[in-house]
Amino acid sequence: VDGKAILDSDQIEGMDRMHREAIIVGAGVIGLEYASMAAALGTRVTVIEQRDTILDFVDREIVDALVFYLRQSGVTFRLGETLVSVRLEGDGRVLACLESGKEVRSEVLLYTVGRQTNADLLNLPAAGVSADARGRIQVNEHYQTSVPHIYAAGDVIGFPALASTSMDQGRIASHHMFGVRDTSRPAALPYGIYTVPEISVVGQNEEELTKAKTPYEVGRARYEELAKGQMLGAETGVLKILFDPKTLRVLGVHIFGDQASELIHIGQAVLLLGGTLEYFRDTVLNYPTLAEAYKVAALDGLNRVGVSQVETSSPANPAVS
């Protein structure tokens, strides 16, 4: 990594100008965020990723929407490709050679394949704690390491390695240390991916529900259907709610579009409180707003299942009227 034409994600701030073309190695969260930012600024981007799929923890429909949008923005994806070597040519351009025999040239290459923790600086063996090859420390549900009085939270324990989740992990660990009852619900943590447009998700996705053999239905709202979306000129964007077709209980919310990381908190609250689509149907939301997408998606979902299929005996699930 020379810090000028070949950079990692820590060195990108030192770039003195935007380049007309760029290679980004790695299609994880960081790689896709930088790829979308560069594409939005007019850079021709090639993304090289060793895996055949990207963002495995995100709903496939949302990932497909992002990939389609980026391709429309001029991004080229080379999936299932392994980078063999990188070198600077005589004209200062970067040559990336792939295992398949392909060669990709660009003005700059950004390497974003994972991040290493600084656990190697902590002398963990002296405390009886170990880390894996990427410096990640194993913990239990209370964030205790293999040494019970030593706890770990945040990036050093791996996925999801977000500031928001790390803060909550630290709080849960502190509660356990001092015997304080904890009521956190880590299964409903929201994830925000700051691509352009953003992605944000909470709860279960379609692939997880299918694998668990859990019946579900989907309600969708597209930004272009919303008055606010039209005012913003949002040509892309979708909010989808996954729900139980019998009880209407919300199982997951997945958003691709402007302000997704803000909008997700509405769905998170309803999901955590065991709410149903009826909440969105019966609640008045400001107009025009992007939040109105929840009502549109709920009505779409209710139309899909029909009143006669819905169980109405549970007090937590008022009858559909």
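Which strands form an open sheet with antiparallel pairing, and in what order? Three strands do, in the order β5-β6-β7. This is a predicted model: local features need pLDDT of at least 70, side-chain atom pairs count only at pLDDT 80 or more, and totals for chains, interfaces and linings use all residues. Residues are numbered from 1 along each chain as its sequence is written, and side-chain values use heavy atoms, with hydrogens and water left out.

Some terms come first. Strands (E, at least two residues) and helices (H or I, at least four) are DSSP runs, numbered from the N terminus. Two strands pair if DSSP finds at least two bridges between them. Angles run from 0 to 180 degrees between N-to-C directions, and axes are lines fitted to C-alpha atoms, for helices over the stretch in contact.

Stay with the antiparallel sheet, β5-β6-β7. Its edge strands are β5 (83-88) and β7 (103-106), and each pairs on one side only. Neighbouring strands of this sheet are turned by 20° against each other on average, direction ignored. β5 pairs with β6 (residues 94-98) in the antiparallel sense over five bridges. R87 stands opposite L95 in β6.

Now the parallel sheet. Five strands form this open sheet, in the order β1-β8-β2-β3-β4. β1 (6-8) and β4 (76-79) stand at the edges with a single partner strand each, so one side of each is left without a neighbour in the sheet. The twist averages 20° from one strand to the next. Five bridges join β2 and β3 in the parallel sense. I24 stands opposite V47 in β3. Against this sheet packs α1, which touches β2, β3, β4 and β8. The direction of α1 makes about 165° with that of β3. Contact here means heavy atoms within 4.5 Å.

Next, the open space. Rolling a probe the size of a water molecule over the atoms shows where empty space is left. The search uses a 1 Å grid over the protein atoms alone. A pocket is an open set of points where a 1.4 Å probe fits, with protein on both sides within 12 Å along at least five of seven lines. Lining residues have an atom within 4 Å of a point. Grid points are joined across faces, edges and corners, and a volume is the space filled by probe spheres set on the points.

The largest pocket has a volume of about 1400 Å³. It is lined by 44 residues, of which G28, V29, I30, G114 and P160 lie nearest its centre. α1 (29-40), β3 (44-49), α3 (163-177), β9 (191-193) and α6 (260-272) each supply at least two lining residues. α1 gives the most, with four. By class, this lining has 20 nonpolar, 15 polar and nine charged residues. Nonpolar covers Ala, Val, Leu, Ile, Met, Phe, Trp, Tyr, Cys and Pro; charged covers Asp, Glu, Lys and Arg; the others, Gly among them, count as polar.

The second largest pocket holds about 270 Å³ of space. Of its 16 lining residues, I12, M15, M18, Y34 and A38 are the closest to its centre. β2 (21-25), α1 and β8 (108-111) each supply at least two of the lining residues. The lining divides into 13 nonpolar, two polar and one charged.

Finish at E224, in the loop between β11 (217-222) and α5 (227-232). E224 is partly exposed, with a relative accessible area of 47%. Buried means under 20%, exposed over 50%, and partly exposed in between (1.4 Å probe, protein chains only). E224 touches Q230, A234 and E235, not counting residues up to four places away in sequence.
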